[in-house]
Amino acid sequence: MPFGFNEKSVFLLFPALLALIFAGLLAVQGYRSDQRSSLWLSAFLGLGSLYLAPFLFGYAGWYGLDGYRETLFYLPLQQQLLLGPVMYGYLRSLLDPAFRIQGRQWWHFLPAVLYLGYSLVVWITDVWVLQRPWFYADGQDKDLDFSYQMAGLISILGYFALSLRHYRSYRQLSLQVLSYAEAVSHRWIQRYLWVFVALLVLRVLFFIFNPEWGEFGSKFWYYANFSVMLMYISFTGYTHAIRMEDQFWRKGIENQGEWQAQLTAATEGPTATTEALPDLERWKAKLTTCMEQDRLFANPGLTLQEVASVIGANSRVVSSVVNQGFGLNFNDYVNNLRCEAVIALFKADQHQSHTLLAIALDSGFNSKSTFNRAFKKYTGLAPKTWLEGIKE
């Protein structure tokens, strides 16, 4: 089977093969550990590799060979209408390991199934029934048809918007009920979404300035950029899958159903967080006493529900007290108390005999990065800068 090795075909060949390798690794890991996010990412990388295939084979000269060209035309390699749902499924499974495609959610895959059905009809009609090209009488690959490419772009844009909205809801939820929201913020998802922003912007620009998607040579730079992004997602996505054993991530993410119940309780009903809470000052004083005297904030895994249990209230009441009484979300409220504890230790010269990280961990922070961000947000200064200020 001849393969034309040149600068363009080799440039696309490496990321396509790399994506397939990582897809296999993630599939094995996903099945062994029942980690569905790895299976979704495996599917996405596999689709990404197939997405490159028509141009990879085109630059290798296969579309110019009799037999190869006809076979490739009938293979639906670019699953434009499947990339979006898989992208969304990956994000959902990262944020909720219990996520399943069920019921009406299967409708997300209907457009892709219809296109596969259309491809099958084309193949049966041209190869088996008429035994001559009818659908492909124009000699153009249907995967590269402008209308199909445009439908794919619209699909990916829609699922990107859906993914972004879901991630924002997740972040708001975590800040309302977890004191360690930073540990489960999924910085990787933010980078993953930024990669898609870059890809979508690039694709829109190509649609505007170079709309003839059937022209192989004129699309190389788009697919070259896609290759770079696919390699980035392969490496960093696999690394993230390996690191997902972090204790705070597991504690938080495995109980997201509980978070949702807490948020619902905190934002609905007669004492919702947006409505005035009866006896606000009394609850505020009680919460302050429990948090400071019992040092609840020093628990790095503290949740809204745990605080509610200690003060003898439900999570809705505690959320209302924090939101209305202090003008903060739960995460910032607890981190501010931790920062005050750190400052007290600084003033007691504890930094002379202990590292900043030790002081931060003793005050309830779970990492140096979280401590630095929270301290600067609370004081406006980095911890070391603040210490230099009190020495003067």
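## The overall picture

The chain has 17 helices and zero strands. Keep in mind that this is a predicted model. Out of the 392 residues in the chain, 48% are buried. If you look at the contacts with a separation of 6 or more, 74% of them come from residues 24 or more positions apart.

## Helices α7 and α8

Let's start with a helix pair. Two packed helices are described by the angle between their axes and the distance between the axes. For helix α7 (residues 187-209) and helix α8 (residues 220-243), the angle is about 170° and the axes are 11 Å apart. Angles over 145 degrees count as roughly antiparallel, so that is the label for α7 and α8. On the α7 side, the contact is made by W188, R191, Y192, V195, F196, A198, L199, L202, R203 and F206. On the α8 side, the residues are W221, Y222, N225, F226, M229, Y232, I233, T236, G237 and H240.

R203 lies in helix α7, and with a relative accessible area of 2% it is buried. R203 and M150 are 53 residues apart in sequence, while their C-alpha atoms are 10.0 Å apart in space. Over in helix α8 you'll find H240, which counts as buried at 15% relative accessibility. Leaving out residues up to four places away in sequence, H240 touches L94, H186 and W188. W188 also belongs to the α7 side of the helix contact.

## Helices α14 and α16

Now for a pair with another geometry. Helix α14 (residues 330-347) and helix α16 (residues 368-379) have axes that come within 9 Å and cross at roughly 90°. Angles from 65 to 115 degrees count as roughly perpendicular, and α14 and α16 are therefore described that way.

Which residues in α14 meet α16? They are D332, N335, N336, C339, E340, V342, I343 and F346. Their partners in α16 are F371, A374, F375, K377, Y378 and T379.

## Salt bridges

The count comes to four salt bridges, and here are some of them. E182 forms one with R373, with the closest N and O atoms 2.9 Å apart. This pair links distant parts of the chain, since E182 is in the loop between α6 and α7, R373 is in helix α16, and the two are 191 residues apart. R373 counts as partly exposed, at 41% relative accessibility.

R36 forms a salt bridge with D34, where the closest N and O atoms are 3.3 Å apart. The relative accessible area of R36 is 23%, so R36 is partly exposed. Then there is R282 with D279, whose closest N and O atoms are 3.7 Å apart. R282 counts as partly exposed at 47% relative accessibility, and D279 is partly exposed too, with a relative accessible area of 49%.

If you're browsing the surface, stop at the nonpolar patch of about 780 Å². The residues that make this patch are L120, W123, I124, V127, W128, V129, L130 and W134. One of them, W123, lies in helix α5 (residues 110-129). Is W123 buried or partly exposed? At 34% relative accessibility, W123 counts as partly exposed.

## Two positive phi values

Finally, some backbone angles to check. Most residues other than glycine have a negative phi, and most peptide bonds are trans. Q131 has a positive phi, near 55°, and is a residue other than glycine. You'll find Q131 in the loop between α5 and α6 (146-177). With 64% relative accessibility, Q131 counts as exposed.

D349 is not a glycine, and yet its phi is positive at about 60°. D349 sits in the loop between α14 and α15 (356-362). Its relative accessible area is 45%, so D349 is partly exposed.

Key:
Residues numbered from 1 in each chain as written. Predicted model: local features only at pLDDT ≥ 70, side-chain atom pairs only at ≥ 80, totals over all residues. Heavy atoms only, no water. Patch = residues over 30% accessible without salt bridge, like charges linked within 9 Å, V, L, I, M, F, W, Y side chains within 5 Å. Areas by Shrake-Rupley, 256 points an atom, 1.4 Å probe, with all protein chains shown as cover. Salt bridge = Lys/Arg side-chain N within 4 Å of Asp/Glu carboxyl O. Helix = DSSP H or I, 4+ residues; strand = E, 2+ residues; numbered from the N terminus. Buried < 20%, exposed > 50% of the residue type's maximum accessible area, 1.4 Å probe, protein only. Axes fitted to C-alpha atoms, helices over the stretch in contact; angles between N-to-C directions. Parallel < 35°, antiparallel > 145°, perpendicular 65-115°, else oblique. Contact = heavy atoms within 4.5 Å.
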